[in-house]
Amino acid sequence: EVAKVSTGLGALIKSLPLISILAMIWLYVDTHDTGRIAELSVGTFWLVLPTLPMFVVLPALLKAGVGFYGSLALSIVVMVACYAIAVPILARFGITI
């Protein structure tokens with residue numbers, strides 16, 4: 001609803017890591033294990049990176065005239081491919097997800 005009035009404010013709200021924050025709070029309440037929370041935070045950071053190309057590909061496809069659902073599907077394919085590439089690369093550097 002906010003994005004209908006201001007796309008910038010809508011993007012800001014959407015970019016907030018609400019699910020990650022809730023997951024960290026939930027994990028802390030359940031376990032009080034700050035080490036696991038730190039691992040969750042680092043893992044989340046590294047797994048956000050492969051999602052970023054989706055946010056470049058989607059508007060590019062839409063501007064090129066590809067329909068919304070097709071653009072979304074292709075953007076998701078790109079994101080999954082980026083995950084498939086990133087996870088083994090991260091493992092080479094000792095970052096296990």
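**Charges, fold and residues**

A: The chain carries 5 positive and 4 negative side chains, and the centres of those two sets are 17 Å apart. Keep in mind that this is a predicted model.

Q: OK, the fold. How many helices and strands does the chain have?

A: There are six helices and zero strands. Read from the N terminus, the order is α-α-α-α-α-α. The radius of gyration is 17 Å, well over the 13 Å that the globule rule gives for 97 residues, so the chain is more spread out than a compact globule.

Q: What box do the C-alpha atoms fill?

A: Along the principal axes, the C-alpha atoms take up a box of roughly 50 × 35 × 15 Å.

Q: And what percentage of the residues count as buried?

A: Of the 97 residues, 14% count as buried.

Q: Which share of the contacts joins residues at least 24 apart?

A: That share is 41%, taken among contacts between residues at least 6 apart in sequence.

Q: Let's look at α6. What should its 25 residues span, and how far apart are the end C-alpha atoms?

A: Helix α6 covers residues 68-92, and at 1.5 Å a residue it should span 36 Å. The end C-alpha atoms of α6 are 36 Å apart, which agrees.

Q: Which residues of α6 are buried?

A: They are Ser71, Ser75, Met79, Ala86 and Leu90. These buried residues of α6 pack against α4, residues 34-48, and α5, residues 54-63.

Q: Take Ser71. What does it touch, leaving out residues up to four places away in sequence?

A: Ser71 is in helix α6 and touches Leu58, Leu61, Leu62 and Val66. Its relative accessibility is 0%, so Ser71 counts as buried.

Q: What follows α6?

A: Gly94 follows α6, and its phi is positive, near 80°.

Q: Which residue has a positive phi although it is not a glycine?

A: That is His32, with a phi of about 55°. His32 sits in the loop between α3, residues 18-31, and α4.

Q: Is His32 buried or exposed?

A: His32 has 53% relative accessibility, and the cut-off for exposed is over 50%, so His32 counts as exposed.

Q: Switching to Thr44. Where is it?

A: Thr44 is in helix α4. With a relative accessible area of 26%, Thr44 is partly exposed.

Q: How far is Thr44 from Ser20 in sequence and in space?

A: Thr44 and Ser20 are 24 residues apart in sequence, while their C-alpha atoms are 7.7 Å apart in space.

Q: And Ala3, where is that found?

A: Ala3 is in helix α1, which covers residues 2-5. Ala3 has a relative accessible area of 42%, so this residue is partly exposed.

Q: Last one. How far apart are Ala3 and Gly35?

A: From C-alpha to C-alpha, Ala3 and Gly35 are 37 Å apart in space, and they are 32 residues apart in sequence.

How values were computed: Residues are numbered from 1 along each chain as its sequence is written. This is a predicted model: local features need pLDDT of at least 70, side-chain atom pairs count only at pLDDT 80 or more; totals for chains, interfaces and linings use all residues. Side-chain values use heavy atoms; hydrogens and water are left out. Helices (H or I, at least four residues) and strands (E, at least two) are DSSP runs, numbered from the N terminus. The radius of gyration is taken over C-alpha atoms; the globule rule is 2.2 Å times the number of residues to the power 0.38. Buried means under 20% relative accessible area, exposed over 50%, partly exposed in between (1.4 Å probe, protein chains only). Contact means heavy atoms within 4.5 Å. Lys and Arg count as positive and Asp and Glu as negative; His and the chain ends are not counted. The place of a charge is taken as NZ of Lys, CZ of Arg, CG of Asp or CD of Glu. The expected span of a helix is 1.5 Å times one less than its number of residues.
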